[in-house]
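Please view the sequence and the structure below before reading on.

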Amino acid sequence: MNKVYDENYKGPLLKPISDPIFKILFTDPSPEANRALTSFLSTVLGKPVCDVQIVSNEVPKESVSDKAAIFDVTCHFEGDNEVLEIEMQGKDDHNSYDNRAEYYAAHLLNHYTKCGEGWIDVPKAYQISVLNFIYDKNDDSGFSHYVMRKESGGTLNQRLNIFFIELPKFEVYEEVDVNSLTSMQKWSTFFLYAGESDEQDFVTKLAESEAGIMEAMKVLGKISQDEINWQRERDYFDQQMTLKTIKRYARETGYAEGLEMGKIDGHKQGLAEGRAEGRAEGIAEGRAEGIAEGIAEGKAAGLIEGKLNTQLDLITKKLHKGKSVEQIADELEDSIENIQNIILQNNLL
């Protein structure tokens, strides 16, 4: 039996910045979702996009040793000649999200280049990352397009394209006229504020000024009437908060332990050097170097232990909820092989 939705729903809305809601927003099997996706892609690519078709978000591996790739949203358009995947990313794991984006773009291009076709028929591949964190601290622009370029500036045929949208750079701190915003600014602020109850007047104005956002609002209102989607959002933010708490504890504990170790090592080293080069100078230099090394070792050990314990706890909870290994790998943004190894090593089944 199909669920009946209220088209005039005025209740609270889910947050598109949460990974599961972002996926549902653009993959919902409705004309509104397709029109919203088409509008968003046209804004990002800077050209009219048509005939957008959602396809499987799991790209098969070429060999058992390959790293798995499960995308948030995958589609092709322009008669299969252009393929695209979109990611909503809430954190920059180990400051290496750029590596992941490049891998995804290359994996996408490889998968959709068909055997037997000429090189002229290689499709264009687009990897779009909507980031809820600052990636490039040296550039105020919130929108970046990366291509393969030689040192003098010339580019290749732009088969590989990566776009970063850094949402925090689009935050609105005072009253603005929505009609003065670009389409990219409107979409970015929509992602940021659509789920905020105290920003609904502003979000309504955004929707009224941008047809694609109006379609997205209709979809968001529909999926916000389903309790299972609210649970998905809660699980996502609970996971984010758990990771942040563990990392903060690891940093604080590691710092304290490292500081104490550094004082001891610094004192010993300072005494040794002081006998050779002068007691006062040796103690100062030894203590400084010892403290620095101790802090670094303590931080590293604390972060590693905290991450492992958090991952193990999250996997255990998700298994108890009846989730499959594939679902857990997708939600934790990890490989299926790694999740299976953790389960076997810790006797979780």
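Strand β4 and strand β5 (residues 82-89) run antiparallel and are joined by five bridges. Strands here, like helices, are DSSP runs numbered from the N terminus, with at least two residues (E) for a strand and at least four (H or I) for a helix. Two strands count as paired if DSSP finds at least two bridges between them. Within this pairing, Cys-75 stands opposite Leu-84 in β5. Strand β1 (residues 53-54) is also antiparallel to β4, and two bridges join them. There, Gln-53 stands opposite His-76 in β4.

The model is predicted, so local features need a pLDDT of at least 70 and side-chain atom pairs count only at pLDDT 80 or more, while totals for chains, interfaces and linings use all residues. Residues are numbered from 1 along each chain as its sequence is written, and side-chain values use heavy atoms, with hydrogens and water left out.

**Burial of strand β4**

How many of the five residues of β4 are buried? Five of the five are, so the strand is largely enclosed by the rest of the structure. Buried means under 20% relative accessible area, exposed means over 50%, and partly exposed lies in between (1.4 Å probe, protein chains only). Both faces of β4 are covered: Val-73, Cys-75 and Phe-77 are buried on one side, and Thr-74 and His-76 are buried on the other.

**Aromatic pairs**

Rings of Phe, Tyr and Trp (its six-membered ring) form a pair if their centres lie within 6.5 Å; planes under 30 degrees apart count as stacked, over 60 as edge-to-face, and the rest as tilted. By this rule, the model has 21 aromatic pairs. One of them is the edge-to-face pair of Phe-22 and Phe-26, with 5.3 Å from centre to centre and 85° between the planes. Both residues belong to helix α1 (residues 19-27), where they are four residues apart, about one turn of the helix. Phe-22 and Phe-26 are both buried.

The pair of Phe-77 and Tyr-126 is stacked, because the ring centres are 6.2 Å apart and the planes stand at 20°. Phe-77 lies in strand β4 (residues 73-77) and Tyr-126 in strand β6 (residues 124-131), so this pair ties together parts that are 49 residues apart in sequence. Phe-77 and Tyr-126 are both buried.

Ring pairs also link a cluster made of Phe-22, Phe-26, Phe-40, Trp-187, Phe-190 and Phe-191.

**Salt bridges**

A salt bridge is a side-chain nitrogen of Lys or Arg within 4 Å of a carboxyl oxygen of Asp or Glu. The whole structure holds 16 salt bridges, including those in the table.

| Salt bridge | N to O distance |
|---|---|
| Asp-330 and Lys-23 | 3.4 Å |
| Glu-166 and Lys-169 | 3.2 Å |
| Arg-234 and Glu-227 | 2.6 Å |

Lys-23 is buried, with a relative accessible area of 15%, whereas Asp-330 is partly exposed at 22%. Both residues belong to a network of salt bridges that links Asp-19, Lys-23, Asp-72 and Asp-330.

In the remaining pair of the table, Arg-234 is partly exposed at 35%, and Glu-227 is partly exposed at 48%.

**Cysteines**

A disulfide is a covalent bond between the sulfur atoms of two cysteines. It is identified here as a pair of cysteine sulfur atoms within 2.5 Å. A search of the whole structure finds zero disulfides. Cys-50 is partly exposed at 43% relative accessibility, and Cys-115 is exposed at 85%.

**Backbone angles**

Most residues other than glycine have a negative phi, and most peptide bonds are trans. Asp-51 is not a glycine, yet its phi is positive, at about 55°. Asp-51 lies in the loop between α2 (31-45) and β1 and is partly exposed, with 45% relative accessibility. Glu-333, also not a glycine, has a positive phi of about 55°. Its place is the loop between α9 and α10 (336-345), and Glu-333 is partly exposed, with a relative accessible area of 29%.
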